[in-house]
Amino acid sequence: MPENIERTRVGIVGAGPAGLVLALLLRRAGIASVILEARSRAYCEQRIRAGVLEHGTVDLLDALGVGDRMRREGLVHHGVYLRFGGRSHRIDFPDLTGKNIMVYGQHEVVKDLIAEHVRAGESPRFEVSDVRVEGIESDRPSIHYRDASGADRVLACDFIAGCDGFHGVTRGAIPPELLAVYERVYPFAWLGILSDSPPVCEELIYSNHDRGFALFSQRSPTVQRMYLQCAPDEDLGGWPDERIWDELQRRLEGEAAPQLVIGPITQKGVTPMRSFVVEPMQYGRLFLAGDAAHIVPPTGAKGMNLAIADVAVLSGALAAWYAGRGSAELDAYSTRCLGRVWKAERFSWWMTSMLHRNDRDDAFGRRLQLAELEYVVNSRAASQSLAENYVGLPFPNIYFR
Ligand code: FAD
Ligand code: DHB
């Protein structure tokens with residue numbers, strides 16, 4: 001074999017939550033894989049994104065032996081508040097579902113996962129470029145790429161996992177006429193900040209306000225994560241720190257309004273809002289997982305959890321194939337994932353629609369939104385529906401067999 005060609009069983013593109021968890025699950029099943037990642041390790045470990053882990057995600061990270069720091073530093077939350085009409089209403093998760101969630105930043109999860117790969121001597125290959133997948137219709141697919149030193153290389157595999165996020169290259173390898181694309185783009189975005197300041201409240205607050213949505217989340221007792229609804233093309237230059245603090249405080253106004261303690265803002269960014277699904281999530285020997293196949297708007301914090309649920313299904317199907325049980329589970333991969341994906345799409349769309357100000361809506365629509373919120377917080381059935389989706393619908397439990 002020429003020296004620039006390397007063989008592995010599963011070639012994984014992308015070292016986000018999906019790719020990193022998949023490789024660990026495969027290793028537990030005795031299946032070799034290699035992860036190729038475009039960015040540097042430091043970039044992946046510092047990219048600020050999601051922050052809420054469903055109970056199924058927490059259990060999976062524990063089962064993989066990467067949950068210790070999460071258990072020490074993560075914050076177990078037993079509920080969230082919905083705030084509207086100047087009042088807060090609590091949704092109590094253990095009472096409604098018997099379950100909880102964990103507030104722990106995605107970049108911390110990524111750090112823990114990378115550390116485990118490095119400890120096992122199988123670091124992702126960072127800073128690769130020009131990634132191209134070939135032969136996915138055959139049983140000898142390959143990934144062509146340039147490594148960090150500039151050398152052109154080929155990874156010959158049995159299967160390829162496209163875990164390269166929404167802007168990755170693997171989805172584009174599927175003939176477009178075979179893919180159905182379902183998409184909705186929202187007329188607003190989130191301006192997200194990190195600040196060195198104490199918590200606004202002991203739990204998260206989702207606030208529907210006439211001035212727009214706001215979310216008060218946390219990362220630790222001294223670091224807070226907060227979001228303001230803004231325009232999709234919002235110019236961060238128009239948002240000096242004082243304006244952000246002022247706007248956050250205004251979107252909390254009313255009865256027992258928490259008083260924000262102002263601290264240094266250490267990070268600011270705008271997150272666009274999109275719902276997106278491609279069907280099927282597989283073609284030949286290529287399997288898409290996570291954001292490469294579907295995106296949810298962030299309200300309800302489903303994105304990272306969905307990505308991890310996908311690879312739980314994929315690793316189980318690959319393990320079945322390598323154990324000689326045939327391709328039935330691989331063939332069913334997309335169908336199996338999409339059932340859960342569409343439920344998360346529905347929940348994220350619903351939370352987004354219920355909580356954001358939509359300037360395209362009329363006064364009737366606004367009154368419906370408030371009626372919906374009143375119903376959700378006053379009906380046990382409706383609160384329970386929100387809670388069971390928020391803590392996470394049943395997680396695929398086929399990962400260790
Ligand atoms: P990613 O985390 O996107 O990982 C994909 C990886 O592939 C990346 O490391 C990327 O560098 C790499 N890659 C891309 N192209 C290539 C290539 N050609 N070759 C090699 N590697 C490549 N979800 C929430 O629930 N709450 C939030 O607040 C939230 N905020 C977000 C903010 C932003 C700006 C974004 C983009 C997403 C946010 N999400 C949020 C969604 C959540 O973070 C994602 O659902 C989650 O990261 C999906 O994991 P993944 O592994 O599928 O993809
Ligand atoms: C966070 C993000 C979300 O999208 C959400 O619904 C709750 C919390 C966060 O980043 O902490």
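**Close-up 1. Lining of the second largest pocket in a predicted model.** The second largest pocket is lined by 17 residues. Of these, S353, M354, N358, D361 and Q369 lie nearest its centre. Two or more residues each come from β13 (180-196), α10 (333-355) and α11 (363-378). β13 gives the largest share, five residues. Seven lining residues are nonpolar, six polar and four charged. The pocket volume is about 290 Å³.

**Close-up 2. The largest cavity.** Its volume is about 60 Å³. The lining consists of E54, K302, R340, K343, A344, F347, N389 and L393. Four of the lining residues come from α10, which gives the most.

Close-up 3. L61, V66, G67, M70, Y104, V109, D112 and L113 line the second largest cavity. Helix α6 (residues 106-119) supplies the largest share, three residues. Six lining residues are nonpolar, one is polar and one is charged.

**Terms.** On a 1 Å grid over the protein atoms alone, a cavity is a set of points where a 1.4 Å probe fits but cannot get out; a pocket is an open set with protein on both sides within 12 Å along at least five of seven lines; lining residues have an atom within 4 Å of a point. Points join across faces, edges and corners, and volume is the space filled by probe spheres set on them. Helices (H or I, at least four residues) and strands (E, at least two) are DSSP runs, numbered from the N terminus. Ala, Val, Leu, Ile, Met, Phe, Trp, Tyr, Cys and Pro count as nonpolar, Asp, Glu, Lys and Arg as charged, and the others, Gly among them, as polar. Residues are numbered from 1 along each chain as its sequence is written. In this predicted model, local features need pLDDT of at least 70, side-chain atom pairs count only at pLDDT 80 or more, and totals for chains, interfaces and linings use all residues.

Key. Chains are lettered from A and ligands numbered from 1 in the order in which they are written. Side-chain values use heavy atoms; hydrogens and water are left out.
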